[in-house]
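Me: Could we go through the charged contacts in this one? I'd like the cut-offs as we go.

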Amino acid sequence: MGERSVTIVVQGPNGYLSPIDYRAGPSVPTWNLVVAHLHGAPQVLGPEETYATLSATVDHCESGRPEPFRMNMVEECARGIAPAVTGFRLVPTRWWAGPPGGCGIEVLGTPPGGCWTHRQQI
């Protein structure tokens, strides 16, 4: 059986835009957001790499707190739960980013030199 491809949809920043923010008019209020669709074959991580990724993610998310939580504070419990988590890495072979249902940029894979090729969607 060959590699299975998946699509992961992630949402970026979003927020209200007032008509005052536009230079040309007349305008109406809108909500601005961006999404990305990432396509590729997931690479399942082993237990140790999954645990290291979980720990690094917690470190990152807790970094702004005055007394950050760390996974090693509950090492035995965390290692007991970690096998129920399937960690994976996705190196996209193709991705699209833009507003939902609107124009965006589709990237169509990486050639051997590592440069992205893309086309503007309209």
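Me: Where do glutamate 75 and arginine 79 lie?
Reply: Both are in helix 2, four residues apart, about one turn of the helix; helices (H or I, at least four residues) and strands (E, at least two) are DSSP runs, numbered from the N terminus. This is a predicted model, in which local features need pLDDT of at least 70 and side-chain atom pairs count only at pLDDT 80 or more, while totals for chains, interfaces and linings use all residues. Residues are numbered from 1 along each chain as its sequence is written, and side-chain values use heavy atoms, with hydrogens and water left out.

Me: How far apart are the closest N and O atoms of that salt bridge?
Reply: In the salt bridge between glutamate 75 and arginine 79 they are 2.6 Å apart, the criterion being a side-chain nitrogen of Lys or Arg within 4 Å of a carboxyl oxygen of Asp or Glu. Salt bridges that share partners join Glu48, Glu75 and Arg79 into one network.

Me: And what does arginine 79 do with glutamate 48?
Reply: Their side chains meet in a salt bridge at 3.3 Å, N to O. Arginine 79 lies in helix 2 and glutamate 48 in helix 1 (residues 47-62), so the pair ties together parts that are 31 residues apart in sequence.

Me: Is glutamate 48 buried or exposed?
Reply: Glutamate 48 counts as exposed at 54% relative accessibility, because exposed means over 50%, buried under 20% and partly exposed in between (1.4 Å probe, protein chains only). Arginine 79, at 34%, is partly exposed.

Me: Switching topic, how many disulfides are there?
Reply: The search of the whole structure finds zero disulfides, a disulfide being a pair of cysteine sulfur atoms within 2.5 Å.
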